[in-house]
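Hi,

Here is the model I promised to pass on.

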Amino acid sequence: MTSMPTLTQRLLDRLTPAFDALEQGADPVLRASDRADFQVNGAMALAKRLGRNPRDVAEEILATADLSGLADNVEIAGPGFINVTVSDEALIEQLVQMGDDENLGIPSAATSEIVVVDYSAPNVAKEMHVGHLRSTVIGDSICRMLELKGHMVIRRNHVGDWGTPFGMLIEHLLDLGEDEAIAGLSVGDLNGFYTEARVKFDADDSFKERSRQRVVALQSGDAETLRLWRILVGESVRYFSSVYGDLGVLLEESDVVGESFYNPMLQAVVDDLDAAGILVDSGGAACVFPPGFTNRDGEPLPLIVRKSDEGFGYAATDLAAVRNRVSDLGASKIYYVVGAPQAQHFEMIFAVATMAGWLTEDIEAVHVAFGSVLGPDRKAFKTREGGTVKLQDLLAEAVERARTALESRSPTDDLELVARQVAMGAIKFADLSTDRQRDYIFDWDRMLAFEGATGPYLQYAHARIRSIFRRVGDEGTSGTISLREPAERALARHLVALPDALDNALETLSPSKLCLYLFELAQQFTTFYETCPVLKAPDEETRASRLELCELTAATLRLGLGLLGIEAPEHM
């Protein structure tokens with residue numbers, strides 16, 4: 001993968017020696033600016049540490065730094081800000097490098113790491129619902145961004161495939177007969193199957209007893225019970241895969257590593273914690289009391305590793321997963337894309353894993369928390385009947401609404417394909433463009449609009465540019481870029497900021513930052529297109545230059561949308 005420096009990096013390379021001359025390792029603190037192209041803010045903090053006047057420090061930095069050929073205008077503003085306007089030549093050079101690189105000038109990470117991303121995590125024998133949407137699309141986008149930067153990404157779909165409910169589910173399968181049960185499960189009626197089993201369990205004592213005995217058989221490794229359990233898991237995983245296929249996320253069956261996978265590791269977890277001297281007996285349960293966690297009464301809060309009945313809960317499985325991901329997979333980063341309500345649970349898991357020595361300073365575990373999807377009443381998003389919204393039903397409705405919207409705009413031969421692309425783009429962008437830690441209201445009209453910060457708006461911007469090249473025909477682009485008009489330069493400046501936008505999104509694990517960049521890019525292109533005629537440019541040289549800018553914009557939108565898991569239609 002390319003390692004060409006970004007425009008930001010080129011400026012840092014020029015500024016850093018001047019800062020080092022005053023204090024080794026001082027950070028220039030380079031930021032994008034509305035008053036120039038960049039603002040260097042580090043002189044003020046440096047001056048405070050040195051006990052000097054900030055403007056004097058800024059002047060000394062500029063006297064030392066060699067910005068020739070890179071900056072057209074440099075000025076000191078206010079108490080010591082340094083405003084930098086880069087040269088058109090530097091912008092054009094960066095644009096040319098972008099055009100020559102399949103990743104548009106996005107450099108690889110300085111160090112390639114093994115990153116485990118845990119996301120989606122539905123339950124076996126239960127249908128995926130709207131509550132699984134955010135984890136799935138946020139996790140998918142983070143994986144795509146990490147892979148583009150050259151990291152080795154290991155996806156983990158930690159499905160709920162173990163525990164006491166499987167006793168009643170297996171017994172219900174036997175009551176129905178394998179063929180009939182498989183037929184029902186294979187068409188995705190997981191909720192119906194689960195509900196029927198639950199009703200029988202609550203109403204029939206003999207069924208309840210059979211279910212309990214079946215749980216014992218399952219946990220003891222009975223071969224026939226395991227065979228029946230695998231049927232339930234297999235049919236559920238196939239259903240999950242169909243949903244992922246509809247949604248357009250990259251999770252595969254091989255990424256499913258459920259709770260059952262960690263069962264053989266649970267005793268080793270207990271042994272490790274005991275050997276570390278942190279396991280405590282509390283009422284017959286084996287617990288760890290990580291410092292700093294208390295209940296409502298101010299009493300120390302335990303993480304229960306093994307219950308008093310010798311059974312293991314979620315905490316033990318999650319600890320085993322951390323241990324496995326570090327020791328066996330060699331991960332240096334572990335990201336858990338899980339809802340915000342689980343914050344304390346993960347804080348305690350990470351604290352105990354650190355106490356056990358599994359998580360060290362070199363290994364980062366992060367809870368990538370997110371808010372909820374709300375209905376118009378600002379409560380949990382429900383169907384009109386008050387039930388949970390099934391994810392497949394949601395996706396099907398999105399396609400139908402997108403088809404209707406497209407039919408009212410212009411006819412197309414591949415309406416079904418474009419409708420699906422627009423539908424998935426609308427749902428994903430509405431989710432990903434929201435700060436992940438905030439809740440958002442699910443609003444069909446807003447997310448399917450062709451104006452504003454929406455998926456369809458960005459997809460249409462791409463399709464609009466591609467229509468220019470359909471009119472050009474075989475002419476293609478081979479011009480030399482020039483930046484004579486303010487709108488041309490503004491577009492160029494935004495294009496070369498793509499690597500910074502991606503880095504910002506990854507630093508905060510917030511795809512919303514990439515969404516904002518793409519929306520602003522589409523706006524910049526609209527201004528450019530309205531003020532700078534392309535096909536009717538005043539001369540061939542200008543026409544060719546503007547076509548190059550159009551091509552780079554389309555490529556940037558296509559790559560950026562792809563990192564969000566959104567397709568970029570050729571026409572709409």
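Helix 17 is largely enclosed by the rest of the structure, because 13 of its 18 residues are buried. Buried here means under 20% relative accessible area, with exposed being over 50% and partly exposed in between, using a 1.4 Å probe and protein chains only. Keep in mind that this is a predicted model: local features need pLDDT of at least 70, side-chain atom pairs count only at pLDDT 80 or more, and totals for chains, interfaces and linings use all residues. Residues are numbered from 1 along each chain as its sequence is written, and side-chain values use heavy atoms, with hydrogens and water left out.

Back to helix 17, which covers residues 455-472. From first C-alpha to last it reaches 26 Å, close to the 26 Å expected at 1.5 Å a residue (the expected span is 1.5 Å times one less than the number of residues). At its start, a side-chain oxygen of Thr454 comes to within 3.1 Å of the backbone nitrogen of Tyr457. After the helix comes Gly473, with a positive phi near 80 degrees.

Of the chain's 572 residues, 53% count as buried, and the C-alpha trace spans about 85 × 65 × 40 Å along its principal axes.

Now for strand 10. Which strands does strand 10 pair with in the parallel sense? One is strand 5 (residues 114-118), over 4 bridges, and another is strand 11 (residues 364-370), over 7 bridges. Two strands pair if DSSP finds at least two bridges between them. Ile334 in strand 10 is the bridge partner of Val116, and Ile334 also stands opposite Ala365 in strand 11. From strand 10 the chain crosses through helix 13 to strand 11, and this β-α-β crossover is right-handed; that is, with the strands pointing away from the viewer, the path from the first strand over the helix to the second runs clockwise. Strand 10 is mostly covered, with 6 of its 7 residues buried.

Next, the aromatic rings. Rings of Phe, Tyr and Trp (its six-membered ring) pair if their centres lie within 6.5 Å; planes under 30 degrees apart count as stacked, over 60 as edge-to-face and the rest as tilted. By this rule there are 11 aromatic pairs. In one of them, the ring centres of Tyr336 and Phe346 are 4.9 Å apart with the planes at 40 degrees, so the pair is tilted. This pair links distant parts of the chain, 10 residues apart: Tyr336 is in strand 10 (residues 333-339) and Phe346 in helix 13 (residues 343-355). Tyr336 is buried at 2% relative accessibility, and Phe346 is buried at 6%. Ring pairs also join Tyr336, Phe346 and Phe350 into a cluster.

Lastly, two charges over rings. The rule asks for NZ of Lys or CZ of Arg within 6 Å of the ring centre and within 35 degrees of the ring normal. Arg409 has its charged end over the ring of Tyr460, 5.2 Å from the centre, while Arg493 lies over the face of Phe38, at 4.3 Å from the ring centre.

Cheers

Technical notes. Helices (H or I, at least four residues) and strands (E, at least two) are DSSP runs, numbered from the N terminus. A polar contact is a pair of N or O atoms within 3.5 Å; within protein, one must be able to donate a hydrogen and the other to accept it, and residues adjacent in sequence count only if both atoms are side-chain atoms.
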